[in-house]
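Welcome to a short tour through your viewer. Keep the structure open beside this text and select each stop as we reach it.

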Amino acid sequence: MRKNSFYIGTGMLGMWLFAACSQDGVPDNGASGSAEMRIYTDVARADGEETDAGSTANDAVFLFWDFGDVLGNVANPNPLHVKYPQEHIDTYKRPNEPYNTGELYPDGNRRVMATGYAPATFLVPETDGGRTDYEKLGLPKKDEEIKNLCQIDVLTSIEPLVASAALPFDREDGETLQFMHAQSRVYFYAKLAENAEEYLKNVRITLPPNVVATQVEWNRDKSLYVPIASGQESYELAQQPNDDNDYYMLTPENPLKIGWAYIIPEQTNLPVSVTVARAETAGASEEEWKDVTMEATLHFDIERDGQAEEDQGKNTNTLYANESYTFTLVFSEEGIELIGNKCPWEEGGYLVIPIYPLTD
């Protein structure tokens, strides 16, 4: 797995060192910047991704917090400012103009911490007694939206930035508030094994509820928004019908795309239920097509470069945030075998699934 390299120089350690000075103790070092809070932002693209998170990044929220509340671990902090930029996150990356909040830095050289997330349309802060809690973001709960919950791309800031009037966000040597895909992404394809003489179509894959995010919460220890699965619903990815309102049959030549889903990151395996319609002949009547359902546990096997910065500390059997994997389900009579290979944001590995005899 690969994602574009990026450099975050401040980090939480840097923020603590930065905050160690007294409120009035940061000298004016002549750093260029504006009295208004302006900040550079961009999306750290995943490996193989060409669109910089697409439309999701058009619907972002930038949050600006009192860093004193962060240091004091205040129980219920409220952001100083909540901003909804009108353009894609990458619009404000260097060397373009930074995003202008239209707000001044706090008096007394107080520090401000910047974070963010997207999409604002689906990530809704929880409310408690009239207070809006931007540390707890809920995903849709309506029935018609829940079924698509596994296909909501969530972007979150990778690491907070801290600035003040003396050391503003947009200074010449300042950093950029970078965003990434907060979840992992899995793709599913299906095909017949070579020389297999089977008639199969209408593949459906069911994901369990414990791998699909239902909310996103701010983790104070990690200084990061983290997806959390707390729902009870399973999620089905289904082969789509063709123009004749029927389904293309599986062949050995070209794998058919079944679907894709975003899942909670840092999974080492993915339990799924696979259902496929089977008949004795290609021209079987609708009543002669019978569903066969199988259970399988898919495992990740990812080649990593121990010398590469983006792979440092990562396990080969774990799929992390901002990474993607594709499983191609190969239907045969030979048994179950998992062949993993490394993959960019849109590629993946193989699983061979046995075809069980039809039962009455």
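A strand, as the word is used here, is a DSSP run of at least two E residues, and strands are numbered from the N terminus. With that in hand, keep in mind that what you see is a predicted model.

**Stop 1: one residue.** Select Arg-131, which belongs to strand β8, spanning residues 131-138. Is Arg-131 buried or exposed? Buried means under 20% relative accessible area, and Arg-131 counts as buried because its relative accessibility is 19%.

**Stop 2: what surrounds it.** Now show the contacts of Arg-131. Setting aside neighbours within four places in sequence, you will find Asn-76, Pro-77, Asn-78 and Glu-126. Zoom in on two of them. The side chain of Asn-78 makes a polar contact with the side chain of Arg-131 at 3.4 Å. For Asn-76, look at the backbone instead: its oxygen lies 3.5 Å from a polar atom of the Arg-131 side chain.

**Stop 3: the sheet.** Next, select strands β7, β8, β14 and β15. In that order, these four strands form an open sheet with antiparallel pairing. Which strands stand at the edges? They are β7 (124-128) and β15 (224-228); each has a single partner strand, so one side of each is left without a neighbour in the sheet. Turn the view to follow the twist, which averages 50° from one strand to the next.

Stop 4: To see one of them, pick Asn-219 and find its bridge partner, Leu-224, in β15.

Notes:
Residues numbered from 1 in each chain as written. Predicted model: local features only at pLDDT ≥ 70, side-chain atom pairs only at ≥ 80, totals over all residues. Heavy atoms only, no water. Buried < 20%, exposed > 50% of the residue type's maximum accessible area, 1.4 Å probe, protein only. Polar contact = N/O pair within 3.5 Å; in protein donor to acceptor, adjacent residues only side chain to side chain. Contact = heavy atoms within 4.5 Å. Pairing = 2+ DSSP bridges. Axes fitted to C-alpha atoms, helices over the stretch in contact; angles between N-to-C directions.
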